[in-house]
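The following paragraphs lead through one protein structure, from its overall build to selected residues. Please keep the sequence and the model in view while reading.

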Amino acid sequence: MSYVVGHKRNLELLKKILTGPKRPHALLFVGREGIGKKRVAVLCGAMFLCEKREGCLSCRHCKRVLEGVHPDFRLETPKGKRAILIDQIRDLKEWAFMVPMEGRGKVAVVDDAHLMNQQAANAFLKTLEEPPEDTLFILITSEPSMLLPTIVSRCQTVRFSPLSREEVEEVCEREGVQGEIRKTCVETGSLMFLSVKEEQIERARALANRILQNPSLKMMGEGEAFRDQKSFMLFLFWLRRELNKKLAKMNSGRLWELHRRMKEVERLAYSSNVSPRSLYDYLLMGML
Ligand SMILES: [Zn+2]
């Protein structure tokens, strides 16, 4: 069983980049949610710090990277209200400029980098303008257009494709995932919904259908059911799927309005910290 599913070409490319003579200071991983970009970034950390320089996953360096306890590896993720804040970036910067604890260099990964708020993004840009010699930064995003262009231009971009049907099936098989969840994963080419429950899918689908068939003011409060981002994404996935089916059959102004709003909402859902509840209400308003 390998640590990363798929992305073979990118892994070869990254191996070359990391061991080559002219290593960039920063890499930008771009691709949709749930396809394993973070795992590849962790594996890069292992490759970079590995005793054998290959990411063997069994030496003491690799093991500690995987466990998240290597002193020269760091993973920054959004905190609180889905944002990466200035304090996090200041901290990261301070760490990045320190001498590597174990002498090989350092790897700093920033997940969901588009969720850096403006101050954080500016601070990060300054770091990239005069980057520390020993540190490799890896930024991960599904929304590259939300990043400062000046940050993007200082990174070497690596694009990640959705997983193939076989790759998704392989993971589902291994994890014992069947039925609707499996179908949803295959259809999205990602593992984002691997851990949702059948009931969640049922609920998302039922609500999507009600909005399309018989929307009413009463449904306004139902957005509260989206306690987390993922259940809202799942609802959006089903609404998009059913809406596209309907639009293929009929040309309705109301449906096109929903289509327009969905585009906005999908973008905001992935790239901002606007609450699912507000986004849901906005969608519904377009149908009333
Ligand atoms: Zn190793």
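How many helices and strands does the protein have? There are 12 helices and 5 strands, where helices (H or I, at least four residues) and strands (E, at least two) are DSSP runs numbered from the N terminus. The model is a predicted one, in which local features need pLDDT of at least 70 and side-chain atom pairs count only at pLDDT 80 or more, while totals for chains, interfaces and linings use all residues. Residues are numbered from 1 along each chain as its sequence is written.

The overall dimensions come next. The C-alpha trace spans about 65 × 40 × 30 Å along its principal axes. A compact globule of 288 residues would have a radius of gyration near 19 Å, and the 21 Å of the protein agrees with this; the radius is taken over C-alpha atoms, and the globule rule is 2.2 Å times the number of residues to the power 0.38. The protein is divided into domain 1 (8–159) and domain 2 (196–285), with bounds that come from an automatic or database domain assignment. The centres of the two domains, taken over C-alpha atoms, are separated by 33 Å.

Of the 288 residues, 34% count as buried. A residue is buried if 20 or more other C-beta atoms lie within 10 Å of its own, exposed if 12 or fewer, and partly exposed in between, with C-beta atoms placed from the backbone. Two residues are in contact if their C-beta atoms, placed in that way, lie within 7 Å. Among the contacts with a separation of 6 or more, 71% are accounted for by residues 24 or more positions apart.

Nonpolar side chains tend to be buried together in soluble globular proteins. A nonpolar core is here a set of buried Ala, Val, Leu, Ile, Met, Phe, Trp, Tyr and Cys residues joined through C-beta atoms within 7 Å. The largest such core has 41 residues, and those with the most contacts inside it are F29, C44, V107, I138 and L139. Two or more residues of this core come from each of α1, β1, α2, α3, α4 (86–97), β3 (106–110), α5 (118–129) and β4 (135–141). The element that gives the most is α2, with 9 residues. V107 touches C44, G45, F48, L49, F73, L136 and I138, when residues up to four places away in sequence are not counted. A second, separate core of 28 residues includes F193, L207, A208 and F226.

Helix α1 (residues 8–19) has 12 residues and reaches 17 Å from its first C-alpha to its last, close to the 16 Å expected at 1.5 Å a residue; the expected span is 1.5 Å times one less than the number of residues. Its buried residues are N10, L14 and L18. Seen down the axis of α1, these fall within an arc of 65 degrees, so they line one face of the helix; the arc is that of the directions from the helix axis to the C-beta atoms. The face turned away from the buried side of α1 carries the exposed residues K8, R9, E12, K16 and T19. What covers the buried residues of α1 includes α2 and β5 (156–159).

Helix α3 (residues 60–67) has H61, C62 and V65 as buried residues. Viewed down the axis of α3, its buried residues fall within an arc of 95 degrees, so they line one face of the helix. R60 and E67 are exposed residues on the face turned away from the buried side of α3. The cover over the buried residues of α3 includes α2 (37–49) and β2 (73–76). Just after α3, G68 takes a positive phi of about 75 degrees.

Which residue has a positive phi of about 55 degrees although it is not a glycine? This is H7, in the segment before α1. H7 is buried, with 23 other C-beta atoms within 10 Å. L57, also a residue other than glycine, has a positive phi near 70 degrees and is found in the loop between α2 and α3. With 16 C-beta neighbours inside 10 Å, L57 counts as partly exposed. Most residues other than glycine have a negative phi.

L27 is found in strand β1 (residues 26–30). L27 is buried, because 23 other C-beta atoms lie within 10 Å. Leaving aside neighbours within four places in sequence, L27 is in contact with I138, C155, Q156 and V158. The C-alpha atoms of L27 and I86, 59 residues apart along the chain, are separated by 20 Å.
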